[in-house]
Amino acid sequence: MSDTVEVNNSQALPLLSLNHVSLLCRSVRDSMRFYEQVLGFVPIKRPSSFKFNGAWLYNYGIGIHLIQHPSIDDFDHIVEPRPINPKDNHISFQCTDVGLVLRRLEDMGMKYVTAVVEDEGNKVEQVFFHDPDGYMVELCNCENIPVVPLSSCSFKPRLSSFIKSAPAKCGFMEKAMMERLSMEMLNISF
């Protein structure tokens, strides 16, 4: 019996995109200020049926839902967050100018860690930092490394005749996926 579970397209759920990330916070006001001022999110209307303190923010095609943590007292002191570790849980946002991000974080006096990922001559710069509640945020220029489905690449030898003629780089499937994604995004936006 195989440990790998394969899901073909007929079994996949009809998902469109990431809708929102929900975060428990000590202070909705402080977290709102962070997501507005640092990341550029905009507060939006929440459903009036909610009977708990929170806020919804939106930008870049996704939402951030802040929920006041019911067991955290206003008088609790905020514990210093864990060290910034790029291999820890985080939410990541694509950005167009990592240098500008670094300058803004420095101007705001925020602690951050940088990292670089390289693959086949492509380089991604990453910046990691914490929000007021210790949730880690990454900003990167991740578009520099193409999205290539593993199924379109020949990583394991199959037939000796196939290996001799196999292309060195994957490109066709990547292009087809990006074209399909672009068309789906256009359809959703109208």
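A: Two strands pair if DSSP finds at least two bridges between them. Helices (H or I, at least four residues) and strands (E, at least two) are DSSP runs, numbered from the N terminus. In this predicted model, five bridges join β7 to β8, which run antiparallel. One example is His130, whose bridge partner in β8 is Met136.

Q: What should I know about the numbering and the values before going on?
A: Residues are numbered from 1 along each chain as its sequence is written, and side-chain values use heavy atoms, with hydrogens and water left out. As the model is predicted, local features need pLDDT of at least 70 and side-chain atom pairs count only at pLDDT 80 or more, while totals for chains, interfaces and linings use all residues.

Q: What is the mean pLDDT of the protein chain, and where is confidence lowest and highest?
A: pLDDT is the predictor's confidence in each residue, from 0 to 100. The mean for the protein chain is 80, and 69% of its residues reach 70 or more. Helix α3 (residues 160-165) has the lowest confidence, at a mean of 43, and strand β2 (residues 42-44) has the highest, at 98. Over residues 156-168 pLDDT stays under 50, and the model has four contacts (heavy atoms within 4.5 Å) for them beyond four places in sequence. Where pLDDT is low, the predicted coordinates should not be read in detail.

Q: In what order do the strands of the sheet with β7 and β8 stand?
A: Strands of a sheet pair through backbone hydrogen bonds, either parallel or antiparallel. Here four strands form an open sheet in the order β5-β8-β7-β6, and the pairing is mixed. The edges are β5 and β6 (113-119); each has a single partner strand, so one side of each is left without a neighbour in the sheet. On average, neighbouring strands of this sheet are turned by 25° against each other, direction ignored. Angles run from 0 to 180 degrees between N-to-C directions, and axes are lines fitted to C-alpha atoms, for helices over the stretch in contact. β5 and β8 run parallel and are joined by four bridges; Ser92 has Glu138 in β8 as its bridge partner.

Q: Which residues of helix α2 are buried, and what do they pack against?
A: In α2 (residues 98-107) the buried residues include Val98, Val101 and Leu105. They lie on the same side of α2 because they cover an arc of only 55° around the axis, the arc being that of the directions from the helix axis to the C-beta atoms. The buried residues of α2 pack against β7 (122-130) and β8 (136-140). The helix lies across β6, β7 and β8, running at about 20° to β7.

Q: What is found at the start of α2, and what follows the helix?
A: A polar contact is a pair of N or O atoms within 3.5 Å; within protein, one must be able to donate a hydrogen and the other to accept it, and residues adjacent in sequence count only if both atoms are side-chain atoms. At the start of α2, a side-chain oxygen of Asp97 comes to within 3.1 Å of the backbone nitrogen of Gly99. Gly109, with a positive phi near 70°, follows the helix.

Q: In what order do β1, β2, β3 and β4 stand in their sheet?
A: The order of this open sheet is β1-β4-β3-β2, with mixed pairing. β1 (20-25) and β2 are at the edges with a single partner strand each, so one side of each is left without a neighbour in the sheet. The twist from one strand to the next averages 30°. β3 (residues 54-59) and β4 pair in the antiparallel sense over six bridges, and the partner of Gly54 in β4 is Ile67. Helix α1 (residues 28-37) lies across β1, β2, β3 and β4, at about 160° to β4.

Q: Is Gln68 buried or exposed, and what does its side chain reach?
A: Gln68, in strand β4 (residues 62-68), counts as buried because its relative accessibility is 17%. Its side chain reaches the backbone oxygen of Arg26 at 2.4 Å.

Technical notes:
Buried means under 20% relative accessible area, exposed over 50%, partly exposed in between (1.4 Å probe, protein chains only).
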